[in-house]
Amino acid sequence: TDEQLEKLESLCHEMEVEAAKDTPSLDFISERNVALHRTVVESSANSQLSAAIEPLWNYPRIVRKYGLFGTERLNRSLSHHREILEAIKTRDPDWASAIMRLHILAARSYDTALSRSQTDED
């Protein structure tokens, strides 16, 4: 809906403005990141997706993860959010799906590399 699109636009904008600061608040960005992802999931009206993804909204874990992001990684994530929003605005499900998959794969790749580095330190 137009209301959902406005909410997504606002969340993207708020994260981008915060990320551009010299010392961005990772709590602020993380909170809006969760809100953005929840809005996308809720907007899908897919109860199975909502149920499957609910356990992933562990806010403290997300904050810690953002704390490990460098500027480049954070900006890439925000760029994915912006492109997902643009795809949704144009009502292009194939584009939205492709970028969401890219976003998930990038996060998975980052998590895997992080896990390996932590294992190497142990």
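**A first look at this model**

Biologist: Among contacts between residues at least 6 apart in sequence, what share joins residues at least 24 apart?

Modeller: A contact means heavy atoms within 4.5 Å. This is a predicted model, where local features need pLDDT of at least 70, side-chain atom pairs count only at pLDDT 80 or more, and totals for chains, interfaces and linings use all residues. Residues are numbered from 1 along each chain as its sequence is written, and side-chain values use heavy atoms, leaving out hydrogens and water. Of the contacts you ask about, the share joining residues at least 24 apart is 62%.

Biologist: Which pattern does the protein follow along its sequence?

Modeller: Helices (H or I, at least four residues) and strands (E, at least two) are DSSP runs, numbered from the N terminus. The protein has six helices and zero strands. Read along the sequence, the pattern is α-α-α-α-α-α.

Biologist: Is α1 roughly parallel or antiparallel to α5?

Modeller: Axes are lines fitted to C-alpha atoms, for helices over the stretch in contact, and angles run from 0 to 180 degrees between N-to-C directions. The axes of α1 and α5 are 10 Å apart, at an angle of about 160°. Angles under 35 degrees count as roughly parallel, over 145 as roughly antiparallel, 65 to 115 as roughly perpendicular and the rest as oblique. So α1 and α5 are roughly antiparallel.

Biologist: How does α2 lie against α5, roughly parallel or antiparallel?

Modeller: The axes of α2 (residues 26-44) and α5 (residues 71-89) come within 12 Å and cross at roughly 30°. That angle makes the pair roughly parallel.

Biologist: How many nonpolar residues are in the contact of α2 with α5?

Modeller: On the α2 side are Ile29, Asn33, Leu36, His37 and Val40, and α5 brings Leu74, His81 and Ile88. Ala, Val, Leu, Ile, Met, Phe, Trp, Tyr, Cys and Pro count as nonpolar, Asp, Glu, Lys and Arg as charged, and the others, Gly among them, as polar. The contact has no charged residues and three polar ones, and the nonpolar count is five.
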